[in-house]
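Please examine the sequence and the three-dimensional structure shown below.

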Amino acid sequence: MKTLLVSIFGIFVIFNALAQESATKENANGPVMTFEETKFDFGDIHQGDKVEHVFTFENTGNEPLIITNVQVTCGCTASDWPRDPIAPGQESSMTIKFNSTGKLGMQNKVITIISNATNPNNRLTITTNVLPQKEGDTGSN
(Lines give C-alpha, C1' and ligand atoms only; values in the text may rest on other atoms or scores of the structure.)
Protein backbone atom coordinates (compact mmCIF):
# COMPACT_ATOMS: atom_id res chain seq x y z
CA MET A 1 0.00 0.00 0.00
CA LYS A 2 2.84 2.35 0.89
CA THR A 3 4.54 1.65 -2.47
CA LEU A 4 1.30 2.39 -4.32
CA LEU A 5 0.90 5.74 -2.57
CA VAL A 6 4.52 6.69 -3.26
CA SER A 7 4.10 5.71 -6.94
CA ILE A 8 0.91 7.77 -7.30
CA PHE A 9 2.58 10.74 -5.61
CA GLY A 10 5.62 10.38 -7.92
CA ILE A 11 3.43 10.31 -11.03
CA PHE A 12 1.52 13.38 -9.78
CA VAL A 13 4.79 15.30 -9.24
CA ILE A 14 6.13 14.37 -12.69
CA PHE A 15 2.93 15.39 -14.52
CA ASN A 16 2.75 18.63 -12.55
CA ALA A 17 6.36 19.48 -13.46
CA LEU A 18 5.76 18.70 -17.15
CA ALA A 19 2.60 20.84 -17.19
CA GLN A 20 4.47 23.79 -15.65
CA GLU A 21 7.33 23.45 -18.14
CA SER A 22 4.85 23.44 -21.05
CA ALA A 23 3.08 26.52 -19.71
CA THR A 24 6.41 28.31 -19.25
CA LYS A 25 7.37 27.68 -22.88
CA GLU A 26 4.02 28.93 -24.17
CA ASN A 27 4.21 32.12 -22.10
CA ALA A 28 7.92 32.77 -22.70
CA ASN A 29 8.73 36.38 -23.39
CA GLY A 30 11.62 37.53 -25.49
CA PRO A 31 12.93 37.26 -29.01
CA VAL A 32 12.82 33.97 -30.91
CA MET A 33 15.02 33.34 -33.96
CA THR A 34 13.13 31.19 -36.48
CA PHE A 35 14.98 30.11 -39.64
CA GLU A 36 13.38 29.05 -42.94
CA GLU A 37 16.20 26.49 -43.21
CA THR A 38 19.17 25.63 -41.02
CA LYS A 39 21.13 23.43 -43.44
CA PHE A 40 22.35 24.00 -46.98
CA ASP A 41 24.30 21.70 -49.31
CA PHE A 42 26.35 23.35 -52.06
CA GLY A 43 26.77 19.97 -53.77
CA ASP A 44 29.97 19.39 -55.74
CA ILE A 45 32.30 22.35 -56.17
CA HIS A 46 35.92 22.54 -57.30
CA GLN A 47 38.91 23.38 -55.16
CA GLY A 48 39.37 27.15 -55.15
CA ASP A 49 35.67 27.94 -55.71
CA LYS A 50 34.08 30.53 -53.42
CA VAL A 51 30.39 29.97 -52.72
CA GLU A 52 27.81 31.64 -50.52
CA HIS A 53 24.28 31.10 -49.30
CA VAL A 54 21.75 33.43 -47.67
CA PHE A 55 19.88 32.08 -44.64
CA THR A 56 16.63 33.96 -43.94
CA PHE A 57 15.13 34.16 -40.47
CA GLU A 58 12.36 35.96 -38.60
CA ASN A 59 12.06 37.22 -35.06
CA THR A 60 8.91 35.35 -34.04
CA GLY A 61 9.19 36.53 -30.44
CA ASN A 62 7.78 39.60 -28.77
CA GLU A 63 10.99 41.56 -28.07
CA PRO A 64 13.81 42.87 -30.31
CA LEU A 65 16.37 40.25 -31.35
CA ILE A 66 20.04 41.22 -31.02
CA ILE A 67 22.75 39.05 -32.58
CA THR A 68 25.97 39.57 -30.64
CA ASN A 69 28.29 37.18 -32.47
CA VAL A 70 28.49 34.56 -35.20
CA GLN A 71 31.10 31.86 -34.71
CA VAL A 72 32.49 29.76 -37.57
CA THR A 73 34.51 26.56 -37.37
CA CYS A 74 37.43 27.66 -39.55
CA GLY A 75 38.90 30.57 -41.50
CA CYS A 76 37.45 29.15 -44.73
CA THR A 77 33.96 30.20 -43.60
CA ALA A 78 32.79 33.79 -43.17
CA SER A 79 29.49 35.41 -42.28
CA ASP A 80 27.74 38.68 -42.92
CA TRP A 81 25.06 39.22 -40.27
CA PRO A 82 22.76 42.07 -39.18
CA ARG A 83 24.21 44.31 -36.45
CA ASP A 84 20.99 46.24 -35.74
CA PRO A 85 18.18 44.86 -33.54
CA ILE A 86 15.50 42.91 -35.41
CA ALA A 87 12.00 43.90 -34.27
CA PRO A 88 9.33 41.28 -33.47
CA GLY A 89 7.79 40.02 -36.72
CA GLN A 90 10.67 41.40 -38.81
CA GLU A 91 12.63 39.21 -41.23
CA SER A 92 16.34 39.46 -41.81
CA SER A 93 19.11 37.34 -43.27
CA MET A 94 22.73 36.38 -42.96
CA THR A 95 25.10 35.40 -45.73
CA ILE A 96 27.47 32.50 -45.14
CA LYS A 97 30.51 32.27 -47.43
CA PHE A 98 32.79 29.28 -47.97
CA ASN A 99 36.21 29.39 -49.65
CA SER A 100 37.28 25.92 -50.83
CA THR A 101 40.94 26.84 -51.40
CA GLY A 102 43.09 24.14 -49.81
CA LYS A 103 40.09 21.89 -49.10
CA LEU A 104 39.31 18.52 -50.65
CA GLY A 105 36.48 16.02 -50.11
CA MET A 106 33.37 16.34 -47.97
CA GLN A 107 33.18 19.50 -45.90
CA ASN A 108 30.72 20.09 -43.06
CA LYS A 109 30.85 23.54 -41.43
CA VAL A 110 28.80 24.64 -38.44
CA ILE A 111 27.96 28.29 -37.83
CA THR A 112 26.84 29.19 -34.30
CA ILE A 113 24.75 32.32 -33.76
CA ILE A 114 25.00 33.98 -30.36
CA SER A 115 22.04 36.24 -29.54
CA ASN A 116 19.58 37.28 -26.86
CA ALA A 117 16.94 34.92 -28.26
CA THR A 118 15.13 32.51 -25.97
CA ASN A 119 16.76 29.89 -28.20
CA PRO A 120 20.21 31.55 -27.86
CA ASN A 121 22.60 29.17 -29.63
CA ASN A 122 21.14 28.65 -33.07
CA ARG A 123 23.29 26.63 -35.44
CA LEU A 124 23.47 26.64 -39.22
CA THR A 125 25.21 23.96 -41.24
CA ILE A 126 26.70 24.09 -44.72
CA THR A 127 28.05 21.06 -46.54
CA THR A 128 29.81 20.55 -49.82
CA ASN A 129 31.99 18.08 -51.65
CA VAL A 130 35.19 19.73 -52.86
CA LEU A 131 36.51 18.14 -56.05
CA PRO A 132 40.06 18.59 -57.33
CA GLN A 133 40.79 21.81 -59.17
CA LYS A 134 39.66 21.87 -62.81
CA GLU A 135 42.36 21.31 -65.43
CA GLY A 136 43.79 24.64 -66.55
CA ASP A 137 42.05 26.52 -63.72
CA THR A 138 44.23 28.71 -61.54
CA GLY A 139 41.59 28.97 -58.82
CA SER A 140 41.01 32.69 -59.27
CA ASN A 141 37.21 32.88 -58.81
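Which residues does E36 touch, not counting residues up to four places away in sequence? The model to be read here is a predicted one, and in this model E36 touches T56 and E91. E36 lies in the loop between β1 and β2. With a relative accessibility of 63%, E36 counts as exposed, because the cut-off for that word is over 50%.

The overall plan of the protein may now be considered. The protein contains one helix and eight strands. Read from the N terminus, the order of these elements is α-β-β-β-β-β-β-β-β. Of the 141 residues, 30% count as buried. The accessible surface comes to about 8,800 Å², and carbon and sulfur atoms hold 54% of it.

How confident is the prediction, and where is its confidence lowest? The mean pLDDT of the protein is 86, and 75% of its residues reach 70 or more. Among the elements, β2 has the highest mean pLDDT, at 98, whereas helix α1, residues 2-26, has the lowest, at 56. Over residues 20-26 the pLDDT is below 50, and this stretch has zero contacts in the model beyond near neighbours in sequence.

The interior comes next. In soluble globular proteins, nonpolar side chains tend to be buried together. The largest nonpolar core of this protein has 22 residues, and those that touch the most other members are M33, F57, I67, M94, I113 and L124. The elements that each give two or more residues to this core are β1, β2, β3, β4, β6, β7 and β8. Leaving aside its neighbours within four places, I67 is in contact with M33, F57, W81, P82, I86, M94, I113, I114 and S115.

Is a residue such as N59 buried or exposed? N59 lies in strand β3. The relative accessible area of N59 is 0%, so N59 counts as buried, the cut-off being under 20%. The side chain of N59 reaches the backbone oxygen of E63 at 2.8 Å. Beyond its neighbours within four places in sequence, N59 is in contact with P31, V32, P64, L65, I86, A87, P88, G89 and Q90.

A search of the whole structure finds one disulfide. This disulfide is formed by C74 and C76, whose sulfur atoms are 2.1 Å apart. C76 has a relative accessible area of 11% and is therefore buried. T77 is found in strand β5, which covers residues 77-80. Because its relative accessible area is 4%, T77 is buried too. Not counting residues up to four places away in sequence, T77 touches V72, I96, K97, F98, K109, I111 and I126.

How values were computed: Residues numbered from 1 in each chain as written. Predicted model: local features only at pLDDT ≥ 70, side-chain atom pairs only at ≥ 80, totals over all residues. Heavy atoms only, no water. Core = buried A, V, L, I, M, F, W, Y, C linked by side-chain atoms within 4.5 Å. Buried < 20%, exposed > 50% of the residue type's maximum accessible area, 1.4 Å probe, protein only. Helix = DSSP H or I, 4+ residues; strand = E, 2+ residues; numbered from the N terminus. Contact = heavy atoms within 4.5 Å. Polar contact = N/O pair within 3.5 Å; in protein donor to acceptor, adjacent residues only side chain to side chain. Areas by Shrake-Rupley, 256 points an atom, 1.4 Å probe, with all protein chains shown as cover. pLDDT = per-residue confidence, 0-100. Disulfide = S-S within 2.5 Å.
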